[in-house]
Amino acid sequence: MKIILPLLGALLIAGCGAVYHSSSVSEGVSEAGSTVRVIPLTVETVMAANRSSYTPKQLPEAFFASAGMPRGPKLTQTAIEPAFLPETRPGRLETRVPPDPGRAPYRIGIEDKLLLATPSAATSVEQLTGLLAAENRRQGYTVQDDGAISIPDVGRVVVAGKTLEEAENAVFNKLVEAGINPAFSLEIAEFNSQRVTIGGAVRNATVVPLTLTPLRLNQAINAAGGFDLADRDYASIRIYRDGTLYQIPVAEYSRKGELQNVTLKDGDSVFVDTDFELDKASEFFAQQIQLTSVRQAARKNALDELEMEVELRRSELDEQRENFNERLAFDAVDRDYVYLIGEVFKQARYPLPFERKATLADALYSESSGFNSRTGNPRQIYVLRGSENPREFSGVTAWNLDATNAANFILATRMELRPNDVIFIAEQPITKWNRVLTQLAPNLVSSSVAGVVN
């Protein structure tokens, strides 16, 4: 009896609630004056809970900026000045016609200008906002020295060395990757990468660009204003190609249509010679070679400068991102939090993510905390949310998820969280009694020992 009586007394005390107190959610007015309203989570109530306005915190611009430059440096064209040497006359002019380069599709090159346009104003303008000009939905892009064009909201697309069809495929893939409706048309507006130079006894020394159609010798001479000759009998057209010099007498050129239709290729230099010697033509071709070397050197310097600027920009962005991460580690960044209490693995605050909204399922199964299925009551999972109305400061809505039916966890994946929400999970009844007995056991032992001694 001395052992049983203390045991019964301890059980009586436990039944009165003097031994153990646990948290719970009770509907109505609490002792602190809060008005609690419990609402079961259903498809309809989840939609109602998600109607409250909330904009997630945004990451700094450094996480979205690209180190690429919007436009490469523009290289200026150097004027071509024909050489001059005294005139001498040969006895006979030999005809040496350059070989036909054959037909090949035009390949886009550096300094070409592409035109990107939308076929329909009803859909494409909305889908490609920021991509195309608002006035006529057509925007030109110059191929930069790295062989790419820079399209806003899409990024850099490498098109150099590609045919027009291949370039369209590259732009199409970039638009799809960026999530933009790939309804567009692409055409070459200016041909600047491939050219033929014309000099000598022509009205205007010039540079003729190669386009989608082959460039004939007569077209190139017409582009230079035609011949400027006093005597055609001893004049010749010399073509410098790939280190070889070809020659067509002007008199023979005028009589034969096949000579007028000789196809030129990129890099050809055409010189109409009236000096009847190769010295003047050689000097002209040497000028073209020198200009090409200077142009290539200038392009290399421009690319080196562009790469340096990109590298500096990349380092600056990396430093800004690193500084932000360090401030984040020191909790010096303004963030939104949700608090987890009750039967979770760790009482903690769950930071709401940047740039997106989190759900109840995200918090319940986060790495730092989460639902303790061994001690937690799946029937009593609550999201406690204070009223947004300042006049209802004491109002609390308790959204209750009953997860005894596992299918209801789908609702947890759709229930959006808001800053300062409190996720509370009540304990299992057996958990409560286990804790009561854990606290009661030392008292029982002490009472039993005291009874035996007495």
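**Reading a predicted protein chain**

Student: For residues 121-127, where pLDDT stays under 50, how many contacts beyond four places in sequence does the model have?

Tutor: This is a predicted model, in which local features need pLDDT of at least 70, side-chain atom pairs count only at pLDDT 80 or more, and totals for chains, interfaces and linings use all residues. Residues are numbered from 1 along each chain as its sequence is written, and side-chain values use heavy atoms, leaving out hydrogens and water. The pLDDT is the predictor's confidence in each residue, from 0 to 100, and a contact means heavy atoms within 4.5 Å. For residues 121-127, the number of contacts beyond four places in sequence is eight.

Student: What is the average pLDDT of the protein chain, and what percentage of residues score at least 70?

Tutor: Where pLDDT is low, the predicted coordinates should not be read in detail. The protein chain has an average pLDDT of 81, and the share of residues scoring at least 70 is 80%.

Student: Over which residues is the pLDDT below 50 while the stretch has 16 contacts beyond near neighbours in sequence?

Tutor: The average for the protein chain is 81. The stretch with pLDDT below 50 and 16 contacts beyond near neighbours in sequence is residues 82-87.

Student: How many helices and strands does the protein chain have?

Tutor: Helices (H or I, at least four residues) and strands (E, at least two) are DSSP runs, numbered from the N terminus. By that rule the protein chain has 11 helices and 19 strands.

Student: Which residues of α4 are buried?

Tutor: Helix α4 comprises residues 164-177, and buried means under 20% relative accessible area, exposed over 50%, and partly exposed in between (1.4 Å probe, protein chains only). An α-helix has 3.6 residues a turn, so residues three or four places apart point the same way. The buried residues of α4 are A167, A170, V171 and L175.

Student: Is I188 buried or exposed?

Tutor: I188 lies in strand β7. Its contacts, neighbours within four places in sequence aside, include Y106, I108 and L212. At 11% relative accessibility, I188 counts as buried.

Student: To which residue's backbone nitrogen does a polar atom of the N50 side chain lie 2.9 Å away?

Tutor: N50 is in the loop between α2 (43-49) and β3 (113-117), and N50 is buried, with a relative accessible area of 19%. Residues up to four places away in sequence aside, N50 touches R414, M415, E416 and R418. The backbone nitrogen 2.9 Å from a polar atom of the N50 side chain belongs to E416.

Student: Which residue's side chain is joined to that of R418 by a polar contact of 2.9 Å?

Tutor: R418 lies in the loop between α10 (409-412) and β19 (422-427), and at 4% relative accessibility R418 counts as buried. A polar contact is a pair of N or O atoms within 3.5 Å; within protein, one must be able to donate a hydrogen and the other to accept it, and residues adjacent in sequence count only if both atoms are side-chain atoms. A polar atom of the R418 side chain lies 3.0 Å from the backbone oxygen of N50. The side chain joined to that of R418 by a polar contact of 2.9 Å is that of S52.

How values were computed:
Expected span 1.5 Å × (residues − 1).
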